Amino acid sequence: MGNWVVNHWFSAVVLVVWLGLNIFLFVYAFLTFEKEDKYYYTREIIGSSLAWARASARCLNFNSLLILLPVCRNLLSFLRGSCSCCRRTLRKQLDHNLTFHKLVAYMICLHTVIHIAAHLFNFERYSRSYKADKDSMTFTLSTLYSHEKGSPWLNPFPSPNMTAELMTFTSIAGLTGVIITLALILMVTSATEFIRRCYFEVFWYTHHLFVIYFIGLVIHGIGGIVRGQTEDSMKEHPPRKCAQQYEKWGEPSHCKHPQFGGLPAESWKWVLSPVILYVFERLVRFYRSQQKVVITKVVQHPSKVLELQMNKRGFRMEVGQYIFVNCPSVSPLEWHPFTLTSAPEEPFFSIHIRAAGDWTETLLRAFEQQNSPMPRLEVDGPFGTASEDVFQYEVAMLVGAGIGVTPFASILKSIWYKFRHADHTLKTKTIYFYWICRDTGAFAWFNDLLASLEREMEEYGKMGFLTYRLFLTGWDNNIAGHAALHFDKPTDVVTGLKQKTSFGRPMWDNEFSTVAALHPRSVVGVFLCGPQTLAKSLRKCCNHYSSLDPRKVQFYFNKENF
């Protein structure tokens with residue numbers, strides 16, 4: 001519990017502030033439209049659903065302001081660099097950008113439902129007001145003025161023949177509302193974990209409907225369908241007083257007819273700044289992506305993994321960062337994120353691509369064709385991740401699942417270079433590396449790197465610096481029997497490394513208790529690139545094995561997010 005407070009107190013503060021602002025804006029707008037005299041006559045026709053519609057609209061605008069900020073990747077990378085000297089707790093908040101993006105999206109969905117439901121009631125009541133008793137106030141207010149241009153009408157339904165369905169598809173507010181809602185439904189449903197992992201192209205294309213969403217949001221309020229009494233009219237016609245004698249409006253010595261006007265569109269005021277920021281972000285990314293990329297080496301690894309080594313003018317990276325890659329011959333619009341597997345000290349940058357969908361499979365086939373020219377790639381980035389902070393910890397636990405090993409390959413390579421150049425600024429004293437794979441072929445991706453690190457550690461007398469464990473989860477009796485038969489050999493029969501391969505999954509309680517015992521007063525950074533189920537287990541262990549005493553061992557959990 002103590003570690004949870006240490007790790008998440010700032011996240012909790014941000015969450016409480018965000019929820020508090022949503023509640024404040026909703027309540028303030030609700031009371032404004034429920035109590036102000038300006039909307040007295042509007043409420044006479046449609047009741048409290050006016051306040052529900054306007055309060056939810058205010059929160060929709062607020063969250064639409066926020067939704068783009070967590071995906072401004074250049075802004076986040078800049079802030080991460082600017083906060084390099086800040087406390088670890090502050091920097092870690094940047095790693096929750098996609099979580100916050102999703103929370104804001106869920107809040108938009110919630111207020112969209114409230115807004116639609118309230119306006120369905122509004123439309124029905126506007127339509128029914130024409131069928132009310134002819135001596136009633138609602139009928140009087142609805143028929144007070146014609147719907148000529150510039151007329152100060154109150155009811156947006158021009159005649160009794162106008163139905164709610166017709167109004168929805170013929171008015172600016174109704175039609176844009178339908179378009180916005182459809183775009184939102186498609187974006188949210190295609191952003192589920194299953195779709196993103198199995199059909200990334202569907203997620204990628206539908207998520208760009210955000211352009212239609214924002215255009216529709218800005219246009220939505222232009223029609224002025226929600227109206228209130230004008231300020232000048234309220235001076236001559238105080239509604240609470242004059243409403244008592246609505247039958248005599250316009251007669252001598254009585255109140256004049258009330259005048260009504262539409263509310264000015266306000267959504268653009270909320271979203272203008274973040275949209276400009278996001279457009280600038282995309283222009284920077286477009287400019288960067290157009291710089292020439294030279295592919296210097298292509299390596300085909302087992303288990304359908306392709307390694308690309310590239311050069312690009314002015315490209316600078318840090319460990320654990322990632323880039324977006326586009327191959328115009330495969331798809332001119334799709335950009336996919338890949339973690340950099342090279343070290344900052346190397347004269348190139350590299351990525352490992354595993355066939356895991358239509359786009360990646362097509363790309364691998366394009367590079368396998370011997371007689372055809374090499375496909376052209378465009379690269380945007382690099383962008384920062386949680387793994388950049390690995391050297392800020394005295395002790396680090398790196399956990400990679402399958403191709404999730406890629407950010408740690410960059411870290412391990414960088415360590416290799418630091419040892420070769422006797423870098424005494426390295427703060428990290430011990431690294432525990434865990435690699436979990438389903439098949440034996442996957443271990444071949446970085447066998448050479450691990451073998452080189454083994455030799456370097458021996459040469460510099462730093463055998464205790466790096467402890468690595470390899471776990472094979474997809475195995476049969478033949479593999480296990482063969483390994484057991486040759487267990488006494490100095491090298492592992494599966495990988496050829498000195499460290500023996502373990503069969504099955506790690507016992508995380510044992511691993512964490514061992515690390516806690518060996519480093520009783522250290523701050524341990526736990527870094528994961530892998531599935532959410534594994535993240536839950538590691539986060540639970542971090543909380544459980546962290547001491548309540550801040551002077552003793554503390555585990556900080558970090559997870560890669562793209």
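Arginine 58 is buried, with a relative accessible area of 17%. Its side chain meets that of glutamate 266 in a salt bridge, with 3.4 Å from N to O. The two residues belong to distant parts of the chain, 208 residues apart: arginine 58 is in helix α3 (residues 49–66), and glutamate 266 is in the loop between β2 and α15 (267–289). Glutamate 266 itself is partly exposed, at a relative accessible area of 23%. The model is predicted.

**Chain overview**

- The chain has 562 residues, and buried residues make up 52% of them.
- Its secondary structure comes to 21 helices and 14 strands.
- Among contacts in the chain with a separation of 6 or more, 75% are between residues 24 or more positions apart.

**Salt bridges**

- Side chains of opposite charge can pair when their charged atoms come close.
- The structure holds 9 salt bridges, and the pair of glutamate 266 and arginine 58 is one of these.
- A further salt bridge joins lysine 256 to glutamate 236, with the closest N and O atoms 3.9 Å apart.
- Lysine 256 sits in the loop between α14 and β2, while glutamate 236 sits in helix α13 (residues 231–236), so this pair ties together parts that are 20 residues apart in sequence.
- Lysine 256 counts as partly exposed at 49% relative accessibility, and glutamate 236 is partly exposed with a relative accessible area of 49%.
- Arginine 288 forms a salt bridge with aspartate 380, where the closest N and O atoms are 3.0 Å apart.
- Because arginine 288 lies in helix α15 and aspartate 380 in strand β8 (residues 378–383), the pair ties together parts that are 92 residues apart in sequence.
- Both arginine 288 and aspartate 380 are buried.
- Arg288 and Asp380 also belong to a network of salt bridges that links them with Glu281 and Arg285.

**Lysine 312, a buried charge without a salt bridge**

- Lysine 312 is in strand β4 (residues 305–312).
- The residue is buried and has no salt bridge.
- Aspartate 380 carries the nearest side chain of opposite charge, 6.0 Å away from lysine 312; the salt-bridge cut-off is 4 Å.
- Aspartate 380 is instead paired with arginine 288.
- What the side chain of lysine 312 does reach is the backbone oxygen of arginine 288, at 2.8 Å.
- Leaving aside neighbours within four places in sequence, lysine 312 is in contact with Arg288, Ser289, Gln291, Lys292, Val293, Phe349 and Val379.

**Disulfide and other cysteines**

- The structure holds 1 disulfide, formed by cysteine 242 and cysteine 255 with their sulfur atoms 2.0 Å apart.
- The torsion about the S-S bond of cysteine 242 and cysteine 255 is about -75°, so the disulfide is left-handed.
- Cysteine 242 and cysteine 255 are both buried.
- Cysteine 72 counts as buried at 0% relative accessibility, and cysteine 529 counts as buried at 10% relative accessibility.

**Nonpolar cores**

- In soluble globular proteins, nonpolar side chains tend to be buried together.
- The largest nonpolar core here has 56 residues, and Tyr41, Leu141 and Tyr213 have the most contacts inside it.
- Not counting residues up to four places away in sequence, tyrosine 213 touches Leu60, Ser64, Ile108, Ile180 and Met187.
- A second, separate core has 33 residues, including Ala396, Leu398, Tyr417 and Phe527.

**Threonine 362**

- Threonine 362 is in helix α16 (residues 358–368).
- At 30% relative accessibility, threonine 362 counts as partly exposed.
- The C-alpha atoms of threonine 362 and valine 330 are separated by 6.8 Å, and the two residues are 32 residues apart along the chain.

Technical notes:
Residues numbered from 1 in each chain as written. Predicted model: local features only at pLDDT ≥ 70, side-chain atom pairs only at ≥ 80, totals over all residues. Heavy atoms only, no water. Disulfide = S-S within 2.5 Å. Buried < 20%, exposed > 50% of the residue type's maximum accessible area, 1.4 Å probe, protein only. Helix = DSSP H or I, 4+ residues; strand = E, 2+ residues; numbered from the N terminus. Lys, Arg positive; Asp, Glu negative; His and termini not counted. Polar contact = N/O pair within 3.5 Å; in protein donor to acceptor, adjacent residues only side chain to side chain. Contact = heavy atoms within 4.5 Å. Core = buried A, V, L, I, M, F, W, Y, C linked by side-chain atoms within 4.5 Å.
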